[in-house]
Amino acid sequence: MSFETAQLNELHWLMEMLHNIDVGLVVLDRDYKIQIFNGFMENHSGLFPREVKDKVLFDLFDEIHQEWFVRKAESVFLLKNKAFTIWEQRPYLFKFDSYRPVTGSSDFMYQNTTFIPLLSATGEVSHLCLIVYDVTDNAVHKQSLEQVNKELSALNQIDGMTRLFNRMHWETCLKAEYKRCSRSHHLSSLVMVDIDHFKKVNDDYGHIAGDEVIRHLSALIQLHARETDSAGRYGGEEFAILLPDTALKSAYVFAERLRRTVNDSIVKYNDIEIKYSISVGVAEIDANMKSHESWIESADSALYQSKSKGRNCISLYKNET
Amino acid sequence: MSTKLLICDDSNMARKQVARSLPDGWDVELSFANDGVEGVEAIKEGKGDVLLLDLNMPRMDGYQVLEAIVAQNLPTLTIVISGDIQPEAHKRVTALGAIGFIQKPVSKEKLTEVLTSYGLFTLPDTVPSIEPVVEKKTTTIKVDNSPPDVGLPSDLRDCYQEIANVAMGRAGDLLARLLNVFVELPIPNVNFIEVSELRMALSDIENTESTSGVCQGFISAGISGEALLILNDSSFKDIASLMNYTENLDQNTELELLMDMSNVLIGACLKGVSEQLDIQFSQGQPVVLGQHRKISELIENNASKWKKTLAIEISYSIENYPIKCDLLLLFTEKSMKTLNNKLSYLIDS
């Protein structure tokens, strides 16, 4: 085989590879007219190279945002620099169907593209090569991972049985609120709630009935709390509600409404009707509280007062100093 | 009579490169200065009939040297040899009295051409003298022939710094043209660090500010790494208006801007590095590290993969705008051998 034949062969093979490679290749001239269109592009668009030759890209593909594309391309022409676009910017350049119509979970093909400047003999950028990569699998995986992470982090903050915040997340909210208040001197209040004689409910009707009572109270708390309030399950039958920008008096109104509603309610479990009540302690933040823990302690001590006063009532924490 | 020639550059490698690029057979008495302060001193001592001046230097930069020359009416002709190749930089030094502007890395042809065009050097076509060449060899150039070990001895650090300097200038020039502004070029930071120290290396970015970042892998035979572009979120508004983005600034437009910036800066910087080392990089597809995050969150995922990295940090800022962006080129520990070999070749050649 002569040297020339060998070179011709190599060129031929190279062309064959470019035509068959599973990556889209397009060459555009300075006026965005298509010069080269490889097999990948042909098969996915359904357009033959002779149909697209010398046609303006934007006339053939309506989905391409012309202004966006030109902005990217002109910087390549001007700066003789490669440019990359990723699916997070725009999911695709060419609206092609997904490569796996049966088992794939996306209807279209997510694409990353690379713009490569092609230099003429004079050193100017005369043409532009577009490389189109199918990144559907990556994109779908990343999106579902993000979705799952979001759900997980939400789950991580929620108490499974009551759908209120769990103690850890609730304390994070309290810490943040404590910091915010100490900075801005806002008035916020903390309400601690405990179910009276809960052990007796469990003993008399069983734990499942007890759970029903806990769920009932959680639902009421959820109902009475505003969107900005943070309600959490603090312990077994103990709940805490953080009321931002709420003075002691208003917090008392909230607590009293909750106490009365509970007192008037009947929980039905199978054929059993259960009546229960709650004791409440309320503490407004004040400058003497050196940490968010002392805020909790204050509300707790008010709650203890309610218990010793005979339960089913509300006590307000008063700063003795 | 021999010409008194002063080369003023903070990089040892750059000084050597310039000295090597002097026209053959030019009768000169060569002196060197490490920064602007030394440079002005040397001119005052009469060591610089002709001054070859770098712009980016610590203590006193090239612009300040030019100002001092004008203010004190010092007798010297200045040719600027600069990694900063923005047209505006050229304009500014010309306004300050520099007679020539040569872009780094300097070549013998270009330097000869400029020197000839100002009549500072004429081809010795009558009597080719050998003496000056001999004399040149007796100048204070000390070529360090010690084998490059894996690590970062000061002479290698100097080389990396100079390479980064030139690459940074290329990227800065493109950025300036894209945004139509003057880009303030810092002195690049070069360090061989533990990846865990990366965060500390990002000294220019305040921890309190939220940032957005893109990374892109690059590889060439024996050399690989990642480029990170980190932009302060407060910069987006100005970049958008400079780039004539009329859309409302939402997370999506910001991503567009981030990608535009990274295309230009990472691409040009890598090109600058690869041209000097005579290699070619393949660039992977860029990946968004995150938007509106703390800098530590942006880079935490990368931290476990490498132990040590050669980090080149370049903090671009834009004149008159509060835009701040950091470009980091991180080379893997494995790349050091090839890199150091390439560099020692550059020093010795």
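Residues are numbered from 1 along each chain as its sequence is written, and chains are lettered from A and ligands numbered from 1 in the order in which they are written. Because the model is predicted, local features need pLDDT of at least 70 and side-chain atom pairs count only at pLDDT 80 or more, while totals for chains, interfaces and linings use all residues.

The average pLDDT (the predictor's confidence in each residue, from 0 to 100) of chain A is 91, and 99% of its residues score at least 70. Helices (H or I, at least four residues) and strands (E, at least two) are DSSP runs, numbered from the N terminus. Within chain A, confidence is highest in strand E1 (residues 24–29), with a mean of 96, and lowest in helix H6 (residues 136–155), with a mean of 88.

Chain A contains an open sheet of 5 strands in the order E2-E1-E5-E4-E3, with antiparallel pairing. Strands E2 (34–37) and E3 (83–85) of chain A are the edge strands, each pairing on one side only. On average, neighbouring strands of this sheet are turned by 20° against each other, direction ignored; the axes are lines fitted to C-alpha atoms, for helices over the stretch in contact, and angles run from 0 to 180 degrees between N-to-C directions. Strands of a sheet pair through backbone hydrogen bonds, either parallel or antiparallel. Here two strands pair if DSSP finds at least two bridges between them.

Strand E1(A) is joined to E2(A) by 3 bridges, and Leu28(A) stands opposite Ile34(A) in E2(A). Strand E1(A) also pairs in the antiparallel sense with strand E5 (residues 125–134) of chain A, over 6 bridges. In that strand, E5(A), Leu130(A) lies opposite Val26(A). Between strand E4 (residues 111–119) of chain A and E5(A) there are 9 bridges, again antiparallel, and Ile116(A) has Cys129(A) in E5(A) as its bridge partner. The hairpin of E4(A) and E5(A) has 5 residues between the strands, and Gly123(A) in this hairpin takes a positive phi near 90°.

The secondary structure of chain B comprises 12 helices and 13 strands. Of the 349 residues in chain B, 44% are buried, where buried means that 20 or more other C-beta atoms lie within 10 Å of a residue's own, exposed that 12 or fewer do, and partly exposed in between, with C-beta atoms placed from the backbone. Two residues are in contact if their C-beta atoms, placed from the backbone, lie within 7 Å. Among contacts in chain B between residues at least 6 apart in sequence, 73% join residues at least 24 apart.

The domain assignment (bounds come from an automatic or database assignment) divides chain B into domain 1 (3–137) and domain 2 (154–348). Their contact takes 15 residues from domain 1 and 19 residues from domain 2. On the domain 1 side, H1(B) gives the most, with 4 residues. Helix H1 (residues 12–20) of chain B also holds Lys16(B), which counts as buried because it has 23 C-beta neighbours inside 10 Å. The C-alpha atoms of Lys16(B) and Phe32(B), 16 residues apart along the chain, are separated by 9.7 Å.
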